[in-house]
Amino acid sequence: MIVLGGGVNGCGVARDCAMRGLRVLLLERADFGVGASGNSSGMIHGGIRYMLSDRKVTALACKDSGYIQRIAPHLLFRIPFLMPFASKRDGATLAERATWYATEVYVGTYDQYQPLKRGKPSTRLSAEDLYTLEPGLRPGLSGAVTLDEWGIDAFRLCTLNALDAEARGAEVRTWTEARELLRGPGRVEGVRFRDVLTGEEGEARAPVVFNATGAWSPGLARRNGAKVPMRPGKGVHLTLDRRYSNYGVICSAVDGRQMFLMPHESESIVGTTDDDYYGDPDDLEATNDEVEYLLEGAASLVPGVRAARVTRAWCGLRTTIHAYGPNEDALSREHQLHDGAADGLAGLLSFVGGKLASYRAQAEEATDRILSLLARPRGTCRTHEVPLPGGDEVLDPARLAEGGLVAAPVAARLVYRHGSRAREVLRLVEDDPRLGLVLCRDEGILAAEVVHCARHEKVRRLQDLRRRCRVGLGACAGVDCARIAAQLAGRELGWDADRIRAELADLLDQGWRERRAVLDRAQLAQEELVRGATGLLEVPW
Ligand SMILES: Cc1cc2nc3c(=O)[nH]c(=O)nc-3n(C[C@H](O)[C@H](O)[C@H](O)COP(=O)(O)OP(=O)(O)OC[C@H]3O[C@@H](n4cnc5c(N)ncnc54)[C@H](O)[C@@H]3O)c2cc1C
């Protein structure tokens, strides 16, 4: 079978199908996670928001979140959220107070799902508790309830699924676009593809094509005479240069939509918008308007964010199931498998909707369907218990740092991203101590990590290292790490000097596109610095 798209659904299905004995080809036209998956909020949550309308979605996501913790324990991090209440001094009416009580009951109901994902039950905080935990909140709040959730590095989640699929026999090709579906009488017979880096073209034949091309899916279907109904929704996030809160804080935008501010590694993330999108998915960019909307909402509870340097604005398209009428944020987050048979393309299955947090269950359902289309027995799905690469053991970073090869924070970062494979990264430093160099002061990226990813994680372009180990993603926008990472990757991948320069320019351009909407005067100066410095720095290799 052929999987189109290396987002979480494509990579998840490739892994499950490979584990259940199918011959799999996965084609991703860029790199793993570049679509909605890597640009999501990265919450492996239950979606408390959907509890009223889509209880099934909440239950499924909570259950699958528990399984994802089991197979990738290193990659998840806890995010306790605070849901603050306004005070009487702010003029709360009886109705508003009733809303607080309803919220407590609502969150209390969500508590019954928490054990599925090792979440802690909610707690009611007094105003005093609240300000002790989160002193940066605006004055005048009367308390809060807590909500326990989990986050993940979604780029790595996609990559690990793809790497595991490959280890189980799948052929995985990144930077390879499916250009056209091959048709036989009444059915799909394969795809014609093109490697966008080498220009190589080819055909692959299979009785089932699983279309997991996300927001690109309706276009791909249309070009091939089929329909995939979808209502894509644009979601923008901001990254702020440092932590502005100790916990996740749930706030309201000016129009009452729920949004959040949360600490993430050494930064903060503000998210997210949700607006219908009719444009070309390739032209997706945040606007100044959206940036201001998000900052206003976050500042309404944490005024300090107004002093923040916004380092980037990044966006993705939700692949929501089509419905005419409801507001974007009221649309169902359920998923569907759309069968191409009605359009004369039997064997084409397109995935629509769903959640990152339920990706494993979605992949299990899709694989069951694929096996039944192939008239093969379902076998046993084991993706809920077989660890993803590096997920077999949770290493203690302090012990890893004891050998003196790396500092404890760098070891912690390696364990978070690579799990038990952090040992392999450190072995590179043992062999060549120069690879113990920390490339980025902000992100703690190790030279050995760049080499490890370039060797073992299907890196074909320098920008792939943004997603594998955050090269160029820190607050310094690549001043420290980009050039050295380019040299290291070039050495591993056999790039000549021109290719290294081109890759570097491309990486910096990616960053520029995410900064364009957030630049002010001081940041324009920073932009000049980045472009100048990355062209001038001396590198030790
Ligand atoms: C702003 C935002 C926030 C979100 N937050 C959360 C959250 O916190 N928790 C949660 O559970 N869910 C969240 N979601 C939903 C979740 O991200 C999506 O449900 C999920 O990532 C969709 O994955 P996918 O693989 O279907 O699509 P995508 O990740 O978009 O993958 C599609 C892939 O197909 C590739 N492709 C396109 N055309 C072709 C072609 N012709 N040939 C080959 N490849 C092609 C693309 O390059 C892309 O990599 C969020 C979504 C958004 C947009």
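**Exercise 1.** Which residue of strand 9 does Arg194 stand opposite?

*Solution.* Let's start with the ground rules. The model is predicted, so local features need pLDDT of at least 70 and side-chain atom pairs count only at pLDDT 80 or more, while totals for chains, interfaces and linings use all residues. Residues are numbered from 1 along each chain as its sequence is written.

Step 1: Strand 8 (residues 187-195) pairs with strand 9 in the antiparallel sense over five bridges. Strands are DSSP runs (E, at least two residues; helices are H or I, at least four), numbered from the N terminus, and two strands pair if DSSP finds at least two bridges between them.
Step 2: Opposite Arg194 stands Glu201, in strand 9.

**Exercise 2.** Describe the surroundings of the ligand.

*Solution.* Step 1: The ligand is surrounded by 40 residues (C-beta atom, placed from the backbone, within 6 Å), and Gly5, Gly7, Gly35, Gly214 and Gly235 are the closest.
Step 1: Helix 1 (8-19), strand 7 (176-184) and strand 16 (310-318) each give two or more residues to this shell.
Step 2: Sorted by class, the shell has 16 nonpolar, 19 polar and five charged residues; Asp, Glu, Lys and Arg count as charged, and Gly is among the polar ones.
Step 3: Domain 1 (2-35 + 155-229 + 332-373) and domain 2 (74-151 + 232-320) each supply at least three shell residues, with bounds from an automatic or database domain assignment.
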